[in-house]
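Visitor: Could you walk me through this one while I have it open on screen?
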Amino acid sequence: MHRLEFKKVYKRFGEKVIAVNNANFFVDEGEFVTLLGPSGCGKTTTLRLIAGLDRTSEGEILINDKIINALSPSERDIAMVFQSYALYPHMNVFENIAIPLQVRKMSKSDVKTRVGSIAQMLGISTLLDRKPRELSGGQRQRVAIGRALVREPNLFLLDEPLANLDAILRHRMRGELKALFHSVDGTTIYVTHDQEEALAMSDKIVVMNYGVIQQIGAPEEIYKRPVNKFVAVFVGNPQINIIEAKNAEDMSKLFSSSKVNALEKLTHDGKVEIGIRPENIVLGKGNIFGKVTLIEPMGANLLVSVETALNSEKIKVKLFISNTVKISEGDDVNFSIKESELLFFLNEKRVDVEG
Amino acid sequence: MRLKRFLLYVGVTIMAFYCLFPIYFLVLDSIEPTSVSYSSPPILYPVAFTFSNYIGVFENIPLLTYIKNSTIVSLSATAIVVLIGSMAAFAVAKIKFRGSNPFMNFLLILGFFPAATMIFPLYEMFANFHLLNNYLSLILPYTSVSIPLTVWILATYFEQIPTALYEAARVDGMSRFQAFYKIILPLGIPAVSTVAILNFIACWNEFILALTFMTKENMRTITVGISMISGRFSYQYPWGEIIAGALLVTVPLVIIIFIAQEKIISGLTAGAIKG
């Protein structure tokens with residue numbers, strides 16, 4: 001399998017729109033890399049640049065250290081699963097899966113064995129005679145994946161392949177896809193706006209916003225050490241709590257004085273934004289007091305909204321507790337924060353704080 | 001409700017009568033002796049029966065030669081129009097080359113020129129190139145007149161075929177041309193076959209160019225040929241034979257087109273689009 005590299009890649013549409021702005025990243029052999037971001041962030045454009053469906057405005061795309069900018073899609077030897085699946089409506093399942101091999105002039109018997117084994121692997125052997133319109137959404141998706149897996153391409157590109165499936169199927173396919181692409185040892189680039197999918201499936205995540213790559217890292221790193229507020233807020237469900245502290249007094253209500261001192265040195269105006277993941281707030285002990293305003297049961301856990309006062313201003317935080325705890329809306333509660341897990345943002349960027 | 005339905009049927013019946021009566025009258029006239037069809041007031045039901053008009057057609061003109069000429073010209077022109085038109089439409093709809101919009105506007109402008117204005121310049125040209133009484137003298141103008149509209153119709157249709165299908169084909173390793181004839185063309189068959197049939201009918205029925213450029217008896221097309229049916233004397237106009245001739249070349253054509261359309265559309269659109 002194969003490596004992909006982006007070197008200072010730009011993609012402009014017209015004068016004003018920069019869909020991809022100076023993208024630099026590297027995908028190693030056999031890696032499963034996710035391009036993650038809200039809609040319109042340039043992730044799909046990035047994928048189309050790799051496939052050759054759009055041309056770069058500037059910069060270089062390399063596969064195995066060879067520049068492929070000038071190659072047409074058919075010369076790049078890349079397999080892609082489209083969001084709409086893009087199955088050929090006039091061909092049956094067998095023909096749909098077989099066509100990448102047929103255009104490469106593989107012998108009839110080889111095509112037959114290869115398609116057969118892929119169909120078996122995906123559990124669609126009994127559907128080979130059907131036309132796409134006679135298939136369910138999940139089955140269509142398997143056919144689309146089969147068409148990609150049937151040859152051994154340089155890269156697999158997946159454009160939100162789970163977006164059109166219902167929730168249950170989506171969760172099941174998530175695990176299946178990950179296992180599948182690992183088993184064929186394929187270098188895979190996966191596009192999604194669903195951060196849960198990205199965290200669950202990827203070896204590496206590339207977070208994008210407004211065409212700019214925000215952060216590249218392993219899922220855990222992205223989650224625990226986001227480089228800026230955008231990444232922190234975008235990744236994680238429920239969202240991270242962001243509290244704005246306007247001065248040292250505010251800060252000292254939330255954490256120890258050594259951290260307050262360290263932070264004061266970093267800020268000019270004393271303002272800092274503090275990010276706290278819901279799972280890092282402990283209810284029932286500690287010296288921050290508040291009132292429960294909302295309880296959202298989430299199965300094993302309850303998501304509890306607590307309102308508290310930070311000097312003159314009221315703030316709200318969300319936190320998790322086990323569903324065995326007896327609690328109801330309107331209760332007065334106290335809580336503490338795991339100081340080591342706090343994230344600090346100055347001007348949207350995360351800063352490391354000693355102490 | 002009942003009244004509405006009743007009125008609907010009355011309306012449909014009137015329309016059907018309006019459309020079909022002339023054809024009925026043609027058939028009637030073709031099988032009656034001229035003396036009967038000339039009677040006044042006209043007799044609207046069969047009173048006498050004769051094959052003489054049909055026999056007369058074959059005696060009067062080389063009908064089979066005309067049919068052959070018309071078939072060659074119409075089929076060739078249609079084939080060229082469909083071939084060039086569908087490829088051009090594909091390029092406009094899916095490849096999106098620079099300048100595709102001006103190109104389409106240019107085609108539209110071409111379509112505005114009335115065909116009649118071309119007759120004399122073309123006659124001069126074909127005479128110079130020794131193309132008069134050659135099939136090309138009809139195939140060339142028929143093709144160039146039909147291509148602009150064909151491209152417009154097909155491009156509109158091809159645009160509705162999801163672009164992802166074309167892109168998938170390219171990523172799967174197909175060249176542009178393979179993507180065209182393996183994916184886009186089969187999915188565009190309903191439009192392509194309609195355009196082909198309309199073109200064929202237009203060529204088959206064309207009269208003025210055929211009359212002008214084909215002056216030799218053995219090169220005439222069917223429309224001109226039938227108009228040349230004449231009586232024994234110059235004042236005699238053999239309506240019965242003309243009508244019989246018109247029916248002889250029209251009815252089989254209509255039947256063939258109906259069958260072809262049914263076959264093409266039902267056979268090839270099964271499972272198309274809606275993916």
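This is a predicted model: local features need pLDDT of at least 70, side-chain atom pairs count only at pLDDT 80 or more; totals for chains, interfaces and linings use all residues.

Visitor: How many helices and strands does chain B have?

Guide: Chain B has 13 helices and 0 strands, where helices (H or I, at least four residues) and strands (E, at least two) are DSSP runs numbered from the N terminus.

Visitor: And what radius of gyration does chain B have?

Guide: Chain B has 23 Å, whereas a compact globule of 275 residues would be near 19 Å; the radius is taken over C-alpha atoms, and the globule rule is 2.2 Å times the number of residues to the power 0.38. Along the principal axes, the C-alpha atoms of chain B fill a box of roughly 70 × 70 × 30 Å.

Visitor: Switching to cores, which residues have the most contacts inside the largest nonpolar one?

Guide: They are I50(A) and L157(A), in a core of 135 residues. Its largest share, 11 residues, comes from helix α7 (residues 136-159) of chain B. A nonpolar core here is a set of buried Ala, Val, Leu, Ile, Met, Phe, Trp, Tyr and Cys residues joined through C-beta atoms within 7 Å, and buried means that 20 or more other C-beta atoms lie within 10 Å of a residue's own, with C-beta atoms placed from the backbone.

Visitor: What is I50(A) in contact with, leaving aside neighbours within four places in sequence?

Guide: Its partners are L4(A), I61(A), I78(A), L155(A), L157(A) and I189(A), a contact being two residues whose C-beta atoms, placed from the backbone, lie within 7 Å.

Visitor: What order do the strands of the open sheet in chain A have?

Guide: The 4 strands run β15-β14-β13-β16, with antiparallel pairing, and two strands pair if DSSP finds at least two bridges between them. The edge strands of chain A, each pairing on one side only, are β15 (313-322) and β16 (332-337).

Visitor: Over how many bridges do β13 and β16(A) pair?

Guide: Strand β13 (residues 281-298) of chain A pairs with β16(A) over 7 bridges, and K291(A) has D332(A) in β16(A) as its bridge partner.

Visitor: Last topic: how is chain A divided into domains?

Guide: Chain A is divided into domain 1 (4-230) and domain 2 (241-351), with bounds from an automatic or database domain assignment. Their C-alpha centres lie 39 Å apart, and the contact takes 4 residues from domain 1 and 7 residues from domain 2.

Conventions:
Residues are numbered from 1 along each chain as its sequence is written. Chains are lettered from A and ligands numbered from 1 in the order in which they are written. A residue is buried if 20 or more other C-beta atoms lie within 10 Å of its own, exposed if 12 or fewer, and partly exposed in between; C-beta atoms are placed from the backbone.
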